[in-house]
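Please keep the sequence and the coordinates at hand while reading.

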Amino acid sequence: MVVFEKPHALCDVPLHYCPGCTHGIVHRLVAEAIDELGIEGSAIGVAPVGCAVMAYDYFNCDMVEAAHGRAPAVATGIKRAKPENIVFTYQGDGDLASIGMAETVHAATRNENITIIFINNAIYGMTGGQMAPTSLPGQVTQTSPYGRDVKTAGFPIKVSELLASLDGPSYIQRVAVNNVKNVKQAKKAIKKAFENQIEGKGFSLIEVVSSCPTNWGMTPQQALDWVEEKMIPYYPLGVYKDKTSEEGE
Amino acid sequence: MSEKVLMKGNEAIAEAAIRAGCRHYFGYPITPQTELAAYMAKRMPKIGGCFLQAESEIAAINMVYGVASTGLRVMTSSSSPGVSLKQEGISYIAGADLPALIVNVQRGGPGLGGIQPSQSDYFQATKGGGHGDYHLIVLAPASVQEMADLTAKCFELADKYRMPSMLLADGTMGQMMEPVLLPEESDVTVEKPWALTGTKMQRGHNIVNSLYLKPEELEKTNFDRFERYKQVEENEVMYEEFMMDDAEVCVVAFGIAARVSKNAVVEARKQGIKAGLLRPITLWPFPSAAVKQAAEHCKGFVSVELSMGQMIEDIKLASDCKCPVELCNRAGGMIPSPEQVLESIKNIAGGKA
Amino acid sequence: MQVKTCRKGIEMPKVTFNEDLCKGCGLCVNACPKQIIELKKDVINKKGHSPAGMTDQSKCIGCAFCATMCPDCVITVEK
């Protein structure tokens with residue numbers, strides 16, 4: 001009996017991500033959730049601009065490629081047009097929390113019935129390692145070569161906490177994929193985010209604290225250790241908002 | 001049954017869009033197109049449609065992109081500064097070969113400009129507007145009736161050629177009230193096998209996209225798209241000729257400028273000047289052949305514009321600069337008077353009468 | 001791909017690596033509680049990486065931790 005294999009919702013093509021990049025893990029978790037809920041045939045995914053820009057080649061469901069940061073708006077359009085379809089976006093921190101913050105906040109406050117998978121790896125990966133809205137204080141990047149100085153570059157944005165302050169969104173959870181236990185937790189959260197949509201419960205966002213070994217200048221394992229030691233203390237894991245139990249359909 | 005009603009131009013667009021089967025509207029408040037959004041806000045919920053006031057023009061056009069990718073008829077409307085904000089999304093829609101309608105009820109610019117009518121977005125509308133090689137089908141109404149009719153036409157052409165279309169009106173046209181015979185409800189269904197509907201596990205996944213990292217592939221999409229544009233240029237040019245048969249002076253004007261010009265042409269005829277009006281209805285594709293033909297028998301052209309002179313370049317191109325083209329313009333929200341147009345007609349006619 | 005039986009006669013877990021997809025990141029190596037996965041230093045796959053493989057299949061408990069941490073769906077686990 002097969003206990004673990006590539007999910008069907010993930011296309012049979014090699015991913016272009018760097019060795020040890022956790023995008024691959026999260027892609028798989030999304031695809032597993034799609035498989036288990038039997039929604040591949042109705043799912044429509046929205047790819048971002050960033051490292052995951054080619055996600056449209058990786059998920060077996062219908063896909064659209066959005067402009068940088070606009071995925072929640074594109075997903076809004078699709079969901080309004082096709083309420084019976086399951087619509088999700090997959091976005092990084094530059095896409096979602098910098099250039100696309102307005103789209104994110106407003107989709108959340110409208111409690112748009114969509115699912116957002118948000119990868120927080122504290123850096124711009126695709127363009128070669130620049131400071132992200134989520135880069136940690138003191139973090140050295142290409143555009144913060146002396147470390148992120150909060151006096152000039154401001155503080156990291158805690159997306160889950162920020163969105164949880166809104167009345168609108170239904171479900172906000174932060175997870176990580178730095179070890180087996182956390183990956184399993186992340187899987188549960190992602191699945192719940194899709195279930196919420198199926199049940200018409202509204203906006204769900206799962207923030208996934210992830211790694212970027214290449215641009216952090218670490219080995220893949222060192223990067224996961226850094227997630228544990230530096231990222232998670234700044235970005236505590238947990239459910240930040242859950243209206244799903246109070247509001248049934 | 002169609003009925004004749006008195007309507008504002010902006011409202012006529014909205015009602016015509018609904019009758020053309022558009023059930024999704026996304027917008028952001030801006031003068032002077034607000035009545036359109038307000039009309040949609042009132043009507044859409046009553047007919048099971050979607051009106052959504054977006055957080056920005058940028059979000060609105062990307063919502064349009066989302067709906068367009070599912071194959072449904074969808075629109076947004078704005079005025080000049082807002083349409084500038086939409087350009088990124090319009091480029092993506094063009095790059096992904098999606099049909100959609102963008103309405104621009106123009107006001108004066110640049111920058112925040114003013115709220116009075118203008119035609120100074122001609123370049124932006126007809127030459128692409130955003131980044132990359134692309135065109136929009138651009139229709140320019142000159143009456144409230146045409147606001148309605150051309151809205152329907154915009155949807156039809158956008159679907160037919162899989163490209164975004166733009167209704168380019170101006171503040172006067174938007175605010176003007178005229179009787180209008182509303183078009184019949186359309187139940188046209190266009191096959192859209194590329195649309196995102198979910199695979200239903202019965203086909204491979206559809207991808208709506210404008211990213212091609214291999215330059216030879218991207219080049220091919222551009223060449224293919226321009227082949228389609230060629231067909232549009234061959235098949236879809238629309239214009240109106242008024243007293244052009246024996247015209248010696250050809251006035252070229254669209255939208256509100258054409259209405260003013262018509263009066264000037266009539267007055268010129270009274271004064272013995274053989275003037276005529278060529279009114280482009282499609283600004284892209286531009287009626288180049290008609291202009292070229294006019295250049296064969298006219299002494300010259302008068303380009304009447306609510307801008308610093310934008311369409312005049314297309315007239316010069318189409319006429320191969322065979323005869324003089326005089327610009328008769330006002331800008332910043334001002335409208336040329338019939339007397340001003342008549343003056344220009346006289347200049348071209350050579351001081352006759 | 002062979003199925004071995006363990007001492008108790010129960011079918012042993014079978015772990016297969018799609019070596020061509022492996023990028024040699026080593027996350028599976030660290031995830032394995034039995035420490036029976038390592039990168040095959042003497043093998044270079046199509047992508048130019050030393051792929052991961054199992055050193056002692058008989059010690060495998062089929063926990064799939066390796067596959068859970070693999071970003072590239074290299075690993076299939078059967079029990």
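## Strands that pair between chains

Two strands are taken to pair if DSSP finds at least two bridges between them. The model discussed here is a predicted one. In this model, strand S1 of chain A and strand S4 of chain C (residues 75–78) are joined by two bridges and run antiparallel. Within S4(C), Val77(C) is the bridge partner of Phe4(A).

A second pairing links chain A to chain B: strand S3 of chain A (residues 62–65) is joined to S9(B) by two bridges, and these strands run parallel. Here Met63(A) has Ile207(B) of S9(B) as its bridge partner.

## The contact between chains A and C

On the chain A side 22 residues take part in the contact, and on the chain C side 23 residues do. Strand S1 (2–4), helix H1 (23–37), helix H7 (180–198) and helix H9 (220–234) of chain A are the elements that each give two or more residues to the side touching chain C. The largest share of that side comes from H1(A), which supplies four residues. By residue class, the side of chain A that touches chain C consists of 14 nonpolar, five polar and three charged residues.

## The contact between chains A and B

Chain B places 32 residues in contact with 29 residues of chain A. On the chain B side, at least two residues come from each of strand S3 (50–53), helix H3 (57–69), helix H4 (80–95) and strand S9 (207–208). H3(B) gives the most to this side, with nine residues. The residues of chain B that form it divide into 15 nonpolar, 14 polar and three charged.

## The two domains of chain B

Chain B is divided into domain 1, which covers 4–199 + 221–235, and domain 2, which covers 239–349. The centres of the two domains, taken over C-alpha atoms, are separated by 27 Å. Their contact takes 27 residues from domain 1 of chain B and 24 residues from domain 2 of chain B.

On the domain 1 side of this contact, helix H5 (122–126), strand S6 (137–139), strand S7 (164–170), helix H7 (171–175) and helix H8 (215–235) of chain B each supply at least two residues. H5(B) gives the most to that side, with four residues. The side of domain 1 that touches domain 2 is made up of 15 nonpolar, nine polar and three charged residues.

In soluble globular proteins, nonpolar side chains tend to be buried together. The largest nonpolar core in this model has 224 residues, and those with the most contacts inside it are Val208(A), Val64(B), Val249(B), Val251(B), Ile345(B) and Cys66(C). Helix H6 of chain B (residues 144–161) gives the most to this core, with ten residues, and at least three residues of the core are drawn from each of domain 1 and domain 2 of chain B. Leaving aside residues up to four places away in sequence, Val64(B) touches Gly77(A) of chain A, as well as Phe26(B), Val74(B), Met75(B), Thr76(B), Gly89(B) and Ala100(B).

H6(B) has 18 residues and reaches 26 Å from its first C-alpha to its last, which is close to the 26 Å expected at 1.5 Å a residue. Because 16 of its 18 residues are buried, H6(B) is largely enclosed by the rest of the structure. The helix H6(B) is followed by Arg162(B), whose phi is positive, near 50°.

Technical notes: Residues are numbered from 1 along each chain as its sequence is written. Chains are lettered from A and ligands numbered from 1 in the order in which they are written. This is a predicted model: local features need pLDDT of at least 70, side-chain atom pairs count only at pLDDT 80 or more; totals for chains, interfaces and linings use all residues. Domain bounds come from an automatic or database domain assignment. Two residues are in contact if their C-beta atoms, placed from the backbone, lie within 7 Å. Ala, Val, Leu, Ile, Met, Phe, Trp, Tyr, Cys and Pro count as nonpolar, Asp, Glu, Lys and Arg as charged, and the others, Gly among them, as polar. A nonpolar core is a set of buried Ala, Val, Leu, Ile, Met, Phe, Trp, Tyr and Cys residues joined through C-beta atoms within 7 Å. A residue is buried if 20 or more other C-beta atoms lie within 10 Å of its own, exposed if 12 or fewer, and partly exposed in between; C-beta atoms are placed from the backbone. The expected span of a helix is 1.5 Å times one less than its number of residues.
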